[in-house]
Amino acid sequence: MAEAFVILTGKIQAKSPAISFMNSNKGKPLLVADEYTFKLNKATTTTKYWICTINGCAAKVHTDLTNLLMKTAGNHSHLPEKEKIEVREAREKMTH
């Protein structure tokens, strides 16, 4: 019985995305996770709350103040933004 529980919980746990950071066109921080971008929505004394950059999308990410991933919530209502991210990275390289 205990063995079945371990197998079941192993399937339920989602893989944590690798996160990175870049700047928006206006120089504001963006969090990048699994080819999606998030903008900082609010910060408290313990947590930064990030929301998807696509209006109306329910996906969110929470990090601690040192930008370590704490939690992901919600699902994206759109496809990944791989091309947009590549353009931003290229633009950042050209300006530095």
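Two strands are said to pair if DSSP finds at least two bridges between them, and strands (E, at least two residues), like helices (H or I, at least four), are DSSP runs numbered from the N terminus. The views below show a predicted model, in which local features need pLDDT of at least 70 and side-chain atom pairs count only at pLDDT 80 or more, while totals for chains, interfaces and linings use all residues. Residues are numbered from 1 along each chain as its sequence is written, and side-chain values use heavy atoms, with hydrogens and water left out.

**View 1. The hairpin of β1 and β2.** Strand β1 (residues 19–23) pairs with β2 in the antiparallel sense over five bridges, and within this pairing Phe 21 stands opposite Leu 31 of β2. Five residues lie between the two strands of the hairpin, and Gly 27 in the turn has a positive phi of about 85°.

**View 2. Strand β2 and its pairing with β3.** Four of the five residues of β2 (residues 29–33) are buried, so that the strand is mostly covered; buried here means under 20% relative accessible area, exposed means over 50%, and partly exposed lies in between (1.4 Å probe, protein chains only). Strand β3 (residues 36–43) pairs with β2 in the antiparallel sense over four bridges, with Val 32 opposite Thr 37 and Ala 33 opposite Tyr 36. This hairpin has two residues between its strands, and Asp 34 in the turn has a positive phi of about 50°.

**View 3. The sheet as a whole.** Six strands, in the order β1-β2-β3-β4-β5-β6, form an open sheet with antiparallel pairing. Because β1 and β6 stand at the edges with a single partner strand each, one side of each is left without a neighbour in the sheet.

**View 4. His 62 in strand β5.** His 62 lies in strand β5 (residues 60–64) and is buried, with a relative accessible area of 18%. Leaving aside neighbours within four places in sequence, His 62 is in contact (heavy atoms within 4.5 Å) with Thr 47, Lys 48, Tyr 49, Leu 68, Leu 69, Met 70 and Lys 71. Thr 72 is 10 residues from His 62 in sequence, and the two are 6.3 Å apart in space, C-alpha to C-alpha.

**View 5. His 78 in a loop.** His 78 is placed in the loop between β6 (69–73) and α2 (82–95). Apart from neighbours within four places in sequence, His 78 is in contact with Tyr 36, Cys 52, Ile 54 and Cys 57.
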